[in-house]
Amino acid sequence: MNVAAIYSTFDNIITSAESIAPSRKYWFIRTDGGKYFDSFKENKFVAIEDNLITLQEIYSLKQKYKEDKKIILEELKRISKDRYPKDARTGLVASQIYRFLYEVKKGDIVIIPDVNSSATAIGEISDFIIPETTKQEIEDTKCNWLKRKKVEWRKFIIKNNIDPYLYKMLATHQAISDITHYSDIIERSIQNFYFTEDTANLILEVKSRKNINARSLFKLGLAILDYTQNYIDKNGFKLDTNDVDVKIALNSPGKIQLSAKSKITLFISALLIIGINGGGLKINICDKFNLDLSTQGAIQNLIDYQNQAHDRAMKNEILNNIDSLKIQMPDDVVKVFQQFSTNKQLAH
């Protein structure tokens, strides 16, 4: 397989992979002090507390005022004042209802806390159509909140492992809060290899709970970039690892986040790291997702490079530092192959 074909294969894989939509929003939704955390988690939904204003009333307002948010909110505020006469926060109640029903959309990310935020669940809204909650569903889920949205949970994190940059988020007391400004931190908490509209992100999760050795940390980063650049230069790709940026959030354990405008550059880095660690790229990826011969050729090219003696010292240095820091493998790179394979099969 020639160099142009290898580069084209990587480019096709990257192009076919899903990117995080720039319109995606991120929400923090309370669980009544953790009371409904297990119910939400086990039954795959989130809900908001308010049963006195019916969905039919809200839908009618939406239709009557032609989706004019300002008027609908004023009407909701008026109804809230009538239904909750002892609650002075009618404006807040109205805005939270509207936000939950009409601003939390399919594909958005939600975070819910357990009691005392001892754990969190992170999931993706899978359905923005709000069905009427039946009495049987209330009984089965042990939750009497009627306004619900379906969720596919992606990650459960105990408090000790929560990114420290999210601690401030956990302190919010509103029933629902827009936390989109934490998007980058949340995404790196969900997955270890992903694309935004114009950037690739590779997360190296340091699992070691000991003090982080400075030499191991900096040697690892430099060795990965040098190893990747050597492969790039050997194949004549017009890529440059000098374009890779880094963010470090290390608290034993912690994360190293590599970002680059060139998605192919970090894709290659991720594949090389998995291969170095004995990931069995050719077997686990190609067999599992039935990739075609051209892709197998591209992977074989990586494997051949890693077997060459002249880079063995650098390869061993990366492996030793991965072991020292107990780096978790960026196995989400497999999802990129999976998406590519799925798209090709659908095309046929």
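**Salt bridges, a mixed sheet and a helix pair**

Asp82 is exposed, at a relative accessible area of 55%. The value lies over the 50% cut-off, so the residue counts as exposed and not as partly exposed. The model is a predicted one. Asp82 forms a salt bridge with Arg83, and the closest N and O atoms are 3.7 Å apart. Arg83 has a relative accessible area of 28% and is partly exposed.

In total, the structure holds 17 salt bridges. One of them joins the side chains of Asp50 and Lys147, at 2.8 Å from N to O. Asp50 sits in the loop between strand 2 and helix 3 (55-64), while Lys147 belongs to strand 5. The two residues are 97 apart in sequence, so this pair ties together separate parts of the chain. Both Asp50 and Lys147 are buried.

A further salt bridge is formed by the side chains of Asp184 and Lys247, at 3.1 Å from N to O. This pair also links distant parts of the chain. Asp184 lies in helix 8 (residues 183-190) and Lys247 in strand 9 (residues 245-250), 63 residues apart. Asp184 is partly exposed, with a relative accessible area of 25%. Lys247 is partly exposed too, at 45% relative accessibility. Elsewhere, salt bridges with shared partners join Arg24, Glu124, Arg154 and Glu187 into one network.

Six strands form an open sheet in the order 2-5-4-3-1-6. The pairing is mixed. Strand 2 (45-48) and strand 6 (176-178) stand at the edges. Each has a single partner strand, so one side of each is left without a neighbour in the sheet. On average, neighbouring strands are turned by 35 degrees against each other, direction ignored. Strand 2 and strand 5 (residues 147-158) run antiparallel and are joined by four bridges. Within this pair, Ile48 stands opposite Lys147. Lys147 is also the salt-bridge partner of Asp50. Helix 5 (residues 90-103) lies across strand 1 (26-29), strand 2, strand 5 and strand 6. Helix 5 runs at about 85 degrees to strand 5.

Helix 9 (residues 214-235) packs with helix 13 (residues 312-325) at an angle of about 145 degrees. Their axes are 9 Å apart. The crossing is left-handed. Contact residues of helix 9 include Leu217, Leu220, Ala223 and Tyr227. Those of helix 13 include Met314, Ile318, Ile322 and Leu325. The residues of the contact divide into nine nonpolar, four polar and four charged.

Definitions and conventions
Residues are numbered from 1 along each chain as its sequence is written. This is a predicted model: local features need pLDDT of at least 70, side-chain atom pairs count only at pLDDT 80 or more; totals for chains, interfaces and linings use all residues. Side-chain values use heavy atoms; hydrogens and water are left out. Axes are lines fitted to C-alpha atoms, for helices over the stretch in contact, and angles run from 0 to 180 degrees between N-to-C directions. A crossing is left-handed if the near helix is turned anticlockwise from the far one by less than a right angle, and right-handed if clockwise. Contact means heavy atoms within 4.5 Å. Ala, Val, Leu, Ile, Met, Phe, Trp, Tyr, Cys and Pro count as nonpolar, Asp, Glu, Lys and Arg as charged, and the others, Gly among them, as polar. Two strands pair if DSSP finds at least two bridges between them. A salt bridge is a side-chain nitrogen of Lys or Arg within 4 Å of a carboxyl oxygen of Asp or Glu. Buried means under 20% relative accessible area, exposed over 50%, partly exposed in between (1.4 Å probe, protein chains only).
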